[in-house]
Amino acid sequence: MSGCRKRCKREIMKFAQYLLRLITGSLHTDTVEDEMEMATVRHRPEALELLEAQSKFTKKELQILYRGFKNECPSGVVNEETFKEIYSQFFPQGDSTTYAHFLFNAFDTDHNGSVSFEDFVMGLSILLRGTVQEKLNWAFNLYDINKDGYITKEEMLDIMKAIYDMMGKCTYPVLKEDAPRQHVETFFQKMDKNKDGVVTIDEFIESCQKDENIMRSMQLFENVI
């Protein structure tokens, strides 16, 4: 592995750790300010200004994210293998490969096999700062594995199994083998209003917004983004 690739991987890992702490609330405001003050950022002002207008991040926040994502690798893109490496570091007790694959596809909005800094920022903007509607739209896209505009029971089951696999048996030691399927059956019965075997985005959003239990269950996904 070249020096640049090693440095790039190191920077992406630091960025991923920063992101995990930010999402779980363990990154305090003073820490953010300190890191922002210490950051020396090489960036394209025009590009960051455009992202500032399009996203819900401030210029300083974008500079921090840019530094972690692109400082050592000018290509500025992350492939699926890097996603898998990052998640295997975060969840060593389980197998995160499948979930990392699904998550990568959700961030790779133009489906070109790589996630650019812009792709990542726009996804994070929704997940961290978006409205409930925006977050539910993003979650629907994650579940809709084949991107045909519908969620099937099998797609939902694939995602749920991937999460259980990633969290590992030491996290869920007493769960039965069919626990993911039972979880999905509960979700699906509530969401598939017209019982046609698929869930549309309207059904998904309406069900989630009306059912407090489903909204609480969806927090599982927030913890593993």
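## Close-up views of a predicted model

**Figure 1. What sits around I151.** Leaving out residues up to four places away in sequence, I151 touches F140, Y143, D144, M156, F188, V198, V199 and F204; touching, or contact, here means heavy atoms within 4.5 Å. This is a predicted model, so local features need pLDDT of at least 70 and side-chain atom pairs count only at pLDDT 80 or more, while totals for chains, interfaces and linings use all residues. Residues are numbered from 1 along each chain as its sequence is written, and side-chain values use heavy atoms, with hydrogens and water left out. You'll find I151 in strand β3 (residues 151–152); helices (H or I, at least four residues) and strands (E, at least two) are DSSP runs, numbered from the N terminus. With 0% relative accessibility, I151 counts as buried. The cut-offs are under 20% relative accessible area for buried, over 50% for exposed, and partly exposed in between (1.4 Å probe, protein chains only). As for F188, it is 37 residues from I151 in sequence, and their C-alpha atoms are 9.5 Å apart in space.

Figure 2. The largest nonpolar core has 49 residues, and F107 and F204 touch the most other members. A core of this kind is a set of buried Ala, Val, Leu, Ile, Met, Phe, Trp, Tyr and Cys residues joined through side-chain atoms within 4.5 Å. Helix α9 gives this core its largest share, 9 residues. Domain 1 (1–127) and domain 2 (130–221) both contribute residues, so the core lies between them; the domain bounds come from an automatic or database domain assignment. In soluble globular proteins, nonpolar side chains tend to be buried together.

**Figure 3. Helix α9, end to end.** Helix α9 covers residues 153–167, and its 15 residues should span 21 Å at 1.5 Å a residue. The expected span is 1.5 Å times one less than the number of residues. The buried residues of α9 are E155, M156, L157, I159, M160, A162, I163, Y164, M166 and M167. Just past the end of α9, G168 takes a positive phi of about 85°.

Figure 4. A search of the whole structure turns up 10 aromatic pairs. One of them is F83 with F120, an edge-to-face pair at 5.9 Å centre to centre with 70° between the planes. To pair, rings of Phe, Tyr and Trp (its six-membered ring) need centres within 6.5 Å; planes under 30 degrees apart count as stacked, over 60 as edge-to-face and the rest as tilted. F83 belongs to helix α5 (residues 80–90) and F120 to helix α7 (residues 117–129), so the pair ties together parts that are 37 residues apart in sequence. F83 is buried at 5% relative accessibility, and F120 is buried too, at 9%. Both rings are part of one aromatic cluster made up of F83, F104, F107, F120 and W138.

**Figure 5. Y87 and Y99, a tilted pair.** F120, as in the previous view, is buried with a relative accessible area of 9%. Moving on to the tyrosines, the ring centres of Y87 and Y99 are 6.2 Å apart and the planes sit at 55°, so this pair is tilted. Y87 in helix α5 and Y99 in helix α6 (residues 97–107) are 12 residues apart, and the pair links distant parts of the chain. Y87 is buried, with a relative accessible area of 6%, and Y99 is buried at 0%.

**Figure 6. D119 and its contacts.** D119 is in helix α7 and counts as buried at 14% relative accessibility. Setting aside neighbours within four places in sequence, D119 is in contact with F107, T109, D110 and S114.

**Figure 7. Two loop residues with positive phi.** H111 isn't a glycine, yet it has a positive phi of about 55°. H111 sits in the loop between α6 and β2 (115–116) and is exposed at 52% relative accessibility. K195, also not a glycine, has a positive phi of about 55°. Look for K195 in the loop between α10 (179–191) and β4 (198–199); with a relative accessible area of 56%, K195 is exposed.
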